[in-house]
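Visitor: I am new to this structure. Could you walk me through how to read its features?

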Amino acid sequence: MSTIEEVKQQLKKAKQELREAKKEIEELKIREVLYLERLDNWAEKNQYLNNKISSMTMDEVAQMQKAKAEYNEKYLKDKEITEAFDKQSQVKLNTFENREE
């Protein structure tokens with residue numbers, strides 16, 4: 001049989017576990033609310049984009065495709081410039097290292 005002190009210790013431990021479980025439940029409830037808000041925001045944004053896309057005219061589609069092509073062209077040009085600069089920097093570093101030797 002358990003003594004009174006052992007029962008008190010068990011009760012104290014059980015109360016502490018209950019407090020921790022309640023805190024965890026509260027945190028999970030807060031997370032659930034945040035996740036539901038994010039889901040609602042996503043659904044609204046998705047519906048807006050679907051409506052926007054479905055109501056586009058052919059002229060707007062052509063404009064978007066042209067803008068995308070211009071962006072891709074600019075991106076490739078910038079990428080080529082960056083690669084050329086990196087290559088030039090590497091050559092300068094190599095010639096500098098060779099001079100030190």
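**Charges, shape and surface**

Guide: Gladly, and let us start with charge. The protein chain carries 20 positive and 22 negative side chains, and the centres of the two sets lie 4 Å apart. Lys and Arg count as positive and Asp and Glu as negative, with His and the chain ends not counted; each charge is placed at NZ of Lys, CZ of Arg, CG of Asp or CD of Glu. This is a predicted model, where local features need pLDDT of at least 70, side-chain atom pairs count only at pLDDT 80 or more, and totals for chains, interfaces and linings use all residues. Residues are numbered from 1 along each chain as its sequence is written, and side-chain values use heavy atoms, leaving out hydrogens and water.

Visitor: How many salt bridges does the structure hold?

Guide: Side chains of opposite charge can pair when their charged atoms come close. The structure holds 1 salt bridge (a side-chain nitrogen of Lys or Arg within 4 Å of a carboxyl oxygen of Asp or Glu). Asp78 pairs with Lys74, and their closest N and O atoms are 3.1 Å apart.

Visitor: Where do Asp78 and Lys74 sit relative to each other in helix H2?

Guide: They are 4 residues apart in helix H2 (residues 58-100), so about one helical turn separates them. Helices (H or I, at least four residues) and strands (E, at least two) are DSSP runs, numbered from the N terminus. The protein chain has 2 helices and 0 strands.

Visitor: Is Lys74 buried or exposed?

Guide: Buried means under 20% relative accessible area, exposed over 50%, and partly exposed in between, using a 1.4 Å probe and protein chains only. Lys74 has 51% relative accessibility and therefore counts as exposed, while Asp78, at 35%, counts as partly exposed. Of the 101 residues in the protein chain, 0% count as buried.

Visitor: What is the radius of gyration of the protein chain?

Guide: The value is taken over C-alpha atoms, and the globule rule is 2.2 Å times the number of residues to the power 0.38. A compact globule of 101 residues would come out near 13 Å, but the protein chain has 32 Å. Its C-alpha atoms fill a box of roughly 85 × 65 × 15 Å along the principal axes.

Visitor: Which helix holds Glu70?

Guide: Glu70 is in helix H2, and at 47% relative accessibility Glu70 counts as partly exposed.
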